[in-house]
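Subject: Structure handover

Hi,

Here is the structure I promised to pass on. Please open it alongside this note.

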Amino acid sequence: MSNTSEATRLKAEGNALFLKGNFSRAYEKYSQAIKHDDGNAILYCNRAACSLGLNRYIEAYTDADQATKLDSTYAKAWARLATACAGLGKLEQTVASWKRAIAVLPVEHMTPAEQKQKDQYATELKGATARLERRAREIPATDYVSTRAKSEHLPWDRAKEIIRDMGPNKTWNSSAWAIAHAHAEWSRGIELMKQMRPMRTAAGMGYIGRSDAIMILTNGLLADSRVFAITEQDFSDRYNRQVLFELSQTKAWSEGGSRRVIAEAPVRLAAEGWDSLRPALSLTVRAWIMRAFIQSNVTNEPEAALDFYTSAIEVLQWGRSTWKDISSKDRGAIFQESFLRGIKCLRLETLMMGYSANPGPTSKFPLSEILAGAEDIIKEVTPLVNQPPTEEHMFGFHLSFVRYPLANAYSLRGFYHQHTARNIRNAMGPASDVVEHFKTAAQEYIQAADIYPSDEENHIMCLMFAADALLEARSPAGEVVKLFDRINDAIPVVNLIWEFSANATAAVNGMLERDMDFRDRLVQKMQEGRLTADDPVSRNL
């Protein structure tokens, strides 16, 4: 029953909280108000503003879209829909929504507030249009991914050869297991997508195919995201058709974010049971993972990616708590701890990439959040790392979901300390703090390298990051040379699998050449007596 007076009271409380920047509590107040007046466009628009303040673009999109449906002349609702679309990478709809926001404003006799609103929207429209035009001019990301996948020396192929050559006494501590297993899953998912065929039905044209392709693709992606390789130009079309087909089979959530799923899942469970809910939840979460990964790594939209990863994590954490006494068979594999850990790692990688592109103390991707996520992984995984697998079929799993997350977490702690040192240095902070952070960064990177298998490319990359940190700390030449010698010894071992990986061809090989050249110059100066092992050194030798 509608109770507009109670809705008005709750709206006022929400407004006060919003002005204080307490977006989470304001969101709840507007949600309570909507229960009393669910036809009020302003309430949905205000709740969308809360979601935007929390960088939750999926929820903002849902509410702003509802506000425009309730009142198509509400300019602020169209503006918030445009902002949400921009955050999600929906650039065409962003432009269209800004145009609608301007169009519904008065044409003449505008108040000063309306004129200011129109000027702001026009500026936003200009920026959104420019962004859309830039995307259209750019080389499609699928072309880049296809190119990188054409080498005849791909890591997964070399990994399979190495596993075959191990003989009967196979060892688990080789990156071959992780990448070979992950690629097998990814390739199988691709082949399953190719099995989809058009079919005429009584309702018109439809499709027939497998309903587990997205599951298998995401299993591969979570095991090792480096298997993501698009070798055919129609990948996007095939993938989108596959998602739509599986949505029709499972009735998964195609709109809304974690709040909607968390609210509706118990109702669906009570009405339809686990056989209906389990596949719906699985596809919802897995589709979010795929979209997040593509937006982070292909279309360069880290903010949108973080929202999808966060939504997936929230649903899984809620489900693990709500259904903690339900068997894994009933609730599904997505609620396994290892599955959740895999998403957390992808999210942390996106945070790191976002910070690297936009560094500094005011970055949208806080170093403190990266550190907190890394600490969480270390706490969770450390008790498991000294329980190596004994069965061959578990070798890849142990690496992908235990050792790699732990190593990556230590590397992220190194990243935190290295960039904290740079921020302090740039702010002309105490030199002692700068050096301490750089040295701690080097230690964390070396710890990460020691956890990775010695034939893993991330092993050598972490050693290079450690060397960078030592040089930024102006460490003794002898210490730096010792680390460079370790890198030099690792090169032939790593190259057995990773010589032509995407990372190697894009950056690592060039970094190695630079570091080994620097090492040779250091050694030469030490041999000539122009430098001692105790002398501090930096890149500016």
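A salt bridge here is a side-chain nitrogen of Lys or Arg within 4 Å of a carboxyl oxygen of Asp or Glu. Asp-485 and Arg-519 meet that rule, with N to O at 2.6 Å. The two sit in distant parts of the chain, 34 residues apart. Asp-485 belongs to helix α22 (residues 477–498) and Arg-519 to helix α23 (residues 502–527). Asp-485 is partly exposed, because its relative accessible area is 28%. Keep in mind that this is a predicted model.

**Other salt bridges**

The count comes to 42 salt bridges.

Glu-472 pairs with Arg-422, and their closest N and O atoms are 2.9 Å apart. This pair also links distant parts of the chain, 50 residues apart. Glu-472 is in helix α21 (residues 457–472), while Arg-422 is in helix α19 (residues 395–426). Glu-472 is partly exposed at 23% relative accessible area. Arg-422 is partly exposed too, at 26%.

Glu-13 has a relative accessible area of 28%, so it counts as partly exposed. Arg-9 is partly exposed as well, at 38%.

The network links Glu-337, Arg-341, Lys-344, Asp-376 and Glu-380 through salt bridges.

**A glutamate in α20**

Is Glu-444 buried or exposed? Its relative accessibility is 11%, so Glu-444 counts as buried; the cut-off for buried is under 20%. Glu-444 lies in helix α20 (residues 431–451). Its side chain makes a polar contact of 3.2 Å with the side chain of Arg-413. Leaving out residues up to four places away in sequence, Glu-444 touches Tyr-410, Ser-411, Arg-413, Gly-414 and His-417.

**The second largest pocket**

This pocket has a volume of about 1400 Å³. It is lined by 45 residues. Closest to its centre are Leu-88, Gly-89, Arg-291, Gln-295 and Glu-301. Helices that give two or more residues to the lining are α4 (57–70), α7 (112–137), α8 (141–148), α12 (235–250) and α14 (274–297). By type, the lining divides into 21 nonpolar, 13 polar and 11 charged residues.

Best wishes

How values were computed
Residues are numbered from 1 along each chain as its sequence is written. This is a predicted model: local features need pLDDT of at least 70, side-chain atom pairs count only at pLDDT 80 or more; totals for chains, interfaces and linings use all residues. Side-chain values use heavy atoms; hydrogens and water are left out. Helices (H or I, at least four residues) and strands (E, at least two) are DSSP runs, numbered from the N terminus. Buried means under 20% relative accessible area, exposed over 50%, partly exposed in between (1.4 Å probe, protein chains only). A polar contact is a pair of N or O atoms within 3.5 Å; within protein, one must be able to donate a hydrogen and the other to accept it, and residues adjacent in sequence count only if both atoms are side-chain atoms. Contact means heavy atoms within 4.5 Å. On a 1 Å grid over the protein atoms alone, a cavity is a set of points where a 1.4 Å probe fits but cannot get out, and a pocket is an open set with protein on both sides within 12 Å along at least five of seven lines; lining residues have an atom within 4 Å of a point. Grid points are joined across faces, edges and corners, and a volume is the space filled by probe spheres set on the points. Ala, Val, Leu, Ile, Met, Phe, Trp, Tyr, Cys and Pro count as nonpolar, Asp, Glu, Lys and Arg as charged, and the others, Gly among them, as polar.
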